[in-house]
Amino acid sequence: EQLVNQLPNLFELYFAGGEPLIQIEHYKVLEKLIELGKTDLHIRYNTNFSKLKLKDYDVLEIWKYFSNIEINASLDGSYKKAEYWRKGTIWNEIVENVQLLKEKLPNVKFSLHPTVAWPNCYSVMDLHKEWVEKDFIKINDINLNPLTGPWYFSLSNLPKWKKEKIEID
(Lines give C-alpha, C1' and ligand atoms only; values in the text may rest on other atoms or scores of the structure.)
Protein backbone atom coordinates (compact mmCIF):
# COMPACT_ATOMS: atom_id res chain seq x y z
CA GLU A 1 0.00 0.00 0.00
CA GLN A 2 2.86 2.39 0.76
CA LEU A 3 4.31 1.84 -2.70
CA VAL A 4 0.98 2.14 -4.50
CA ASN A 5 0.43 5.58 -2.94
CA GLN A 6 3.79 6.75 -4.34
CA LEU A 7 3.36 5.44 -7.90
CA PRO A 8 2.07 8.75 -9.32
CA ASN A 9 5.31 10.44 -8.15
CA LEU A 10 7.81 7.95 -9.60
CA PHE A 11 10.27 8.62 -12.42
CA GLU A 12 12.11 5.32 -12.04
CA LEU A 13 11.27 1.95 -10.55
CA TYR A 14 13.79 -0.81 -9.84
CA PHE A 15 12.68 -4.42 -9.33
CA ALA A 16 15.38 -6.63 -7.81
CA GLY A 17 15.69 -10.03 -6.14
CA GLY A 18 14.24 -12.44 -5.11
CA GLU A 19 13.07 -12.97 -8.60
CA PRO A 20 10.63 -10.17 -9.53
CA LEU A 21 9.09 -11.92 -12.54
CA ILE A 22 7.64 -14.62 -10.29
CA GLN A 23 6.22 -12.26 -7.66
CA ILE A 24 2.54 -11.44 -7.95
CA GLU A 25 3.11 -8.01 -6.34
CA HIS A 26 5.31 -7.03 -9.29
CA TYR A 27 2.41 -7.56 -11.70
CA LYS A 28 -0.02 -5.70 -9.44
CA VAL A 29 2.32 -2.69 -9.44
CA LEU A 30 2.57 -2.76 -13.25
CA GLU A 31 -1.22 -3.00 -13.55
CA LYS A 32 -1.62 0.00 -11.26
CA LEU A 33 0.92 2.00 -13.28
CA ILE A 34 -1.05 1.26 -16.47
CA GLU A 35 -4.27 2.23 -14.72
CA LEU A 36 -2.68 5.55 -13.68
CA GLY A 37 -1.34 6.14 -17.19
CA LYS A 38 2.17 6.21 -15.74
CA THR A 39 3.82 4.20 -18.53
CA ASP A 40 6.70 6.51 -19.43
CA LEU A 41 8.82 5.97 -16.31
CA HIS A 42 12.11 4.08 -16.42
CA ILE A 43 11.62 0.51 -15.13
CA ARG A 44 14.75 -1.53 -14.38
CA TYR A 45 14.96 -5.20 -13.46
CA ASN A 46 17.50 -7.53 -11.98
CA THR A 47 16.27 -10.93 -13.10
CA ASN A 48 17.52 -14.33 -14.14
CA PHE A 49 14.95 -14.10 -16.97
CA SER A 50 13.85 -17.70 -16.48
CA LYS A 51 10.08 -17.09 -16.33
CA LEU A 52 7.98 -14.66 -18.34
CA LYS A 53 4.58 -15.84 -17.12
CA LEU A 54 2.94 -16.11 -13.73
CA LYS A 55 -0.63 -17.37 -13.43
CA ASP A 56 -2.61 -15.30 -15.96
CA TYR A 57 0.15 -12.69 -16.34
CA ASP A 58 2.47 -12.53 -19.34
CA VAL A 59 5.16 -9.93 -18.68
CA LEU A 60 5.86 -9.36 -22.38
CA GLU A 61 2.22 -8.42 -22.95
CA ILE A 62 2.29 -6.05 -19.98
CA TRP A 63 5.62 -4.45 -20.99
CA LYS A 64 4.05 -3.42 -24.32
CA TYR A 65 2.40 -0.56 -22.42
CA PHE A 66 5.73 0.84 -21.18
CA SER A 67 8.25 2.87 -23.15
CA ASN A 68 11.41 2.47 -21.06
CA ILE A 69 12.15 -1.05 -19.78
CA GLU A 70 15.68 -2.18 -18.93
CA ILE A 71 16.57 -5.81 -18.15
CA ASN A 72 19.77 -6.58 -16.24
CA ALA A 73 20.06 -10.34 -16.58
CA SER A 74 21.88 -12.11 -13.77
CA LEU A 75 23.36 -14.89 -15.89
CA ASP A 76 26.76 -16.24 -14.87
CA GLY A 77 27.53 -18.55 -17.77
CA SER A 78 25.70 -20.51 -20.43
CA TYR A 79 24.37 -24.02 -20.94
CA LYS A 80 25.38 -26.50 -18.23
CA LYS A 81 27.51 -23.90 -16.47
CA ALA A 82 24.52 -21.59 -16.07
CA GLU A 83 22.45 -24.48 -14.77
CA TYR A 84 25.20 -25.36 -12.29
CA TRP A 85 25.72 -21.83 -10.96
CA ARG A 86 22.04 -20.92 -10.57
CA LYS A 87 19.98 -23.78 -9.24
CA GLY A 88 16.75 -24.31 -11.16
CA THR A 89 18.05 -22.68 -14.34
CA ILE A 90 16.99 -24.34 -17.58
CA TRP A 91 19.26 -22.77 -20.18
CA ASN A 92 17.11 -23.42 -23.25
CA GLU A 93 14.19 -21.63 -21.59
CA ILE A 94 16.29 -18.53 -20.94
CA VAL A 95 17.45 -18.46 -24.55
CA GLU A 96 13.84 -18.85 -25.75
CA ASN A 97 12.78 -16.01 -23.43
CA VAL A 98 15.45 -13.68 -24.83
CA GLN A 99 14.46 -14.59 -28.39
CA LEU A 100 10.81 -13.83 -27.57
CA LEU A 101 11.77 -10.51 -26.01
CA LYS A 102 13.84 -9.49 -29.04
CA GLU A 103 11.04 -10.52 -31.39
CA LYS A 104 8.11 -8.94 -29.53
CA LEU A 105 9.76 -5.96 -27.81
CA PRO A 106 12.98 -4.98 -29.60
CA ASN A 107 12.97 -1.58 -27.85
CA VAL A 108 13.56 -3.18 -24.42
CA LYS A 109 17.18 -2.75 -23.32
CA PHE A 110 18.69 -6.10 -22.37
CA SER A 111 22.13 -6.54 -20.81
CA LEU A 112 24.12 -9.13 -18.91
CA HIS A 113 24.90 -8.58 -15.22
CA PRO A 114 26.81 -11.70 -14.19
CA THR A 115 28.35 -12.29 -10.80
CA VAL A 116 31.95 -13.20 -11.56
CA ALA A 117 33.95 -15.60 -9.42
CA TRP A 118 37.13 -17.40 -10.27
CA PRO A 119 35.38 -20.65 -11.29
CA ASN A 120 33.17 -18.89 -13.88
CA CYS A 121 35.39 -16.07 -15.17
CA TYR A 122 35.93 -17.87 -18.49
CA SER A 123 32.33 -18.94 -18.97
CA VAL A 124 31.08 -15.38 -18.49
CA MET A 125 33.29 -14.20 -21.33
CA ASP A 126 32.12 -17.09 -23.52
CA LEU A 127 28.50 -16.14 -22.83
CA HIS A 128 29.18 -12.50 -23.67
CA LYS A 129 30.88 -13.37 -26.96
CA GLU A 130 28.14 -15.80 -27.98
CA TRP A 131 25.33 -13.36 -27.22
CA VAL A 132 27.02 -10.51 -29.07
CA GLU A 133 27.38 -12.83 -32.08
CA LYS A 134 23.70 -13.83 -31.83
CA ASP A 135 22.75 -10.12 -31.59
CA PHE A 136 21.06 -10.69 -28.22
CA ILE A 137 23.21 -7.88 -26.80
CA LYS A 138 25.61 -5.21 -28.02
CA ILE A 139 29.27 -5.49 -27.08
CA ASN A 140 29.00 -3.02 -24.18
CA ASP A 141 25.81 -4.53 -22.74
CA ILE A 142 27.55 -6.22 -19.82
CA ASN A 143 28.21 -5.16 -16.25
CA LEU A 144 30.40 -7.49 -14.20
CA ASN A 145 29.64 -7.90 -10.51
CA PRO A 146 32.72 -9.32 -8.76
CA LEU A 147 31.88 -11.86 -6.10
CA THR A 148 33.39 -11.02 -2.73
CA GLY A 149 32.00 -13.87 -0.67
CA PRO A 150 32.34 -16.63 0.04
CA TRP A 151 36.03 -15.74 0.03
CA TYR A 152 37.11 -19.02 -1.57
CA PHE A 153 35.28 -18.13 -4.82
CA SER A 154 36.45 -14.51 -4.94
CA LEU A 155 38.63 -13.40 -7.85
CA SER A 156 41.07 -12.01 -5.30
CA ASN A 157 41.85 -15.60 -4.26
CA LEU A 158 42.66 -16.75 -7.76
CA PRO A 159 46.06 -18.44 -7.94
CA LYS A 160 48.74 -16.34 -9.65
CA TRP A 161 49.19 -18.83 -12.51
CA LYS A 162 45.48 -18.64 -13.29
CA LYS A 163 45.47 -14.81 -13.21
CA GLU A 164 48.36 -14.84 -15.69
CA LYS A 165 46.46 -17.24 -17.96
CA ILE A 166 43.39 -14.97 -17.91
CA GLU A 167 45.56 -11.98 -18.83
CA ILE A 168 46.97 -13.88 -21.82
CA ASP A 169 43.59 -15.17 -23.00
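What share of the 169 residues in the chain is buried? Buried residues make up 42% of them, where buried means under 20% relative accessible area, exposed means over 50%, and partly exposed is in between, with a 1.4 Å probe and protein chains only.

Before I go on, the model is predicted, so to read it: local features need pLDDT of at least 70, side-chain atom pairs count only at pLDDT 80 or more, and totals for chains, interfaces and linings use all residues. Residues are numbered from 1 along each chain as its sequence is written, and side-chain values use heavy atoms, with hydrogens and water left out.

The overall picture, then. The chain has seven helices and eight strands; helices (H or I, at least four residues) and strands (E, at least two) are DSSP runs, numbered from the N terminus. The C-alpha trace spans about 55 × 35 × 25 Å along its principal axes. The accessible surface is about 10,100 Å², and 53% of that belongs to carbon and sulfur atoms; these areas come from the Shrake-Rupley method with a 1.4 Å probe, and for residues only the protein chains shown count as cover. Of the contacts in the chain with a separation of 6 or more, 75% are between residues 24 or more positions apart. Contact here means heavy atoms within 4.5 Å.

Now helix α2. It has 13 residues and reaches 19 Å from its first C-alpha to its last, close to the 18 Å expected at 1.5 Å a residue. The expected span is 1.5 Å times one less than the number of residues. Its buried residues are His-26, Tyr-27, Val-29, Leu-30 and Leu-33. They cover an arc of only 160 degrees around the axis, which puts them on the same side of α2; the arc is that of the directions from the helix axis to the C-beta atoms. Glu-25 and Glu-35 are exposed on the other side. The cover over the buried residues of α2 includes α1 (2–6), β1 (12–15), β2 (42–47), β3 (53–54), β4 and α3. Just after the helix, Gly-37 takes a positive phi of about 75 degrees.

Next, helix α5, residues 91–104. It has 14 residues and reaches 20 Å between its first and last C-alpha, close to the 20 Å expected. Which of its residues are buried? They are Trp-91, Ile-94, Val-95, Asn-97, Val-98 and Leu-101. Seen down the axis, these fall within an arc of 160 degrees, so they line one face of α5. The face turned away from the buried side carries exposed Asn-92 and Glu-103. The buried residues of α5 pack against α3 (59–63), α4 (79–85), β6 (109–112) and α6 (121–133).

That brings in α6. Its 13 residues should span 18 Å at 1.5 Å a residue, and the end C-alpha atoms are 19 Å apart, which agrees. Buried in α6 are Cys-121, Ser-123, Val-124, Leu-127, His-128, Glu-130 and Trp-131. Just after α6, Asp-135 takes a positive phi of about 65 degrees.

On to the rings. The structure holds 12 aromatic pairs. Rings of Phe, Tyr and Trp (its six-membered ring) pair if their centres lie within 6.5 Å; planes under 30 degrees apart count as stacked, over 60 as edge-to-face and the rest as tilted. Tyr-27 and Tyr-57 are stacked, 4.8 Å centre to centre with 20 degrees between the planes. This pair links distant parts of the chain, since Tyr-27 is in helix α2 (residues 24–36) and Tyr-57 is in strand β4 (residues 57–58), 30 residues apart. Tyr-27 is buried at a relative accessible area of 0%, and Tyr-57 is buried at 13%.

Trp-131 and Phe-136 form an edge-to-face pair, 5.1 Å centre to centre with 85 degrees between the planes. Trp-131 is buried at 0% relative accessible area and Phe-136 is buried at 6%. Ring pairs also link Phe-49, Tyr-79, Trp-91, Phe-110, Trp-131 and Phe-136 into a cluster.

Two rings have a charge over them. A charge sits over a ring if NZ of Lys or CZ of Arg is within 6 Å of the ring centre and within 35 degrees of the ring normal. Lys-38 lies over the face of Phe-11, 5.4 Å from the ring centre. The charged end of Arg-44 sits over the ring of Tyr-14, 4.1 Å from its centre.

Last, a loop residue. Ser-67 is in the loop between α3 and β5 (69–73). Leaving aside neighbours within four places in sequence, Ser-67 is in contact with Thr-39, Asp-40 and Asn-107.
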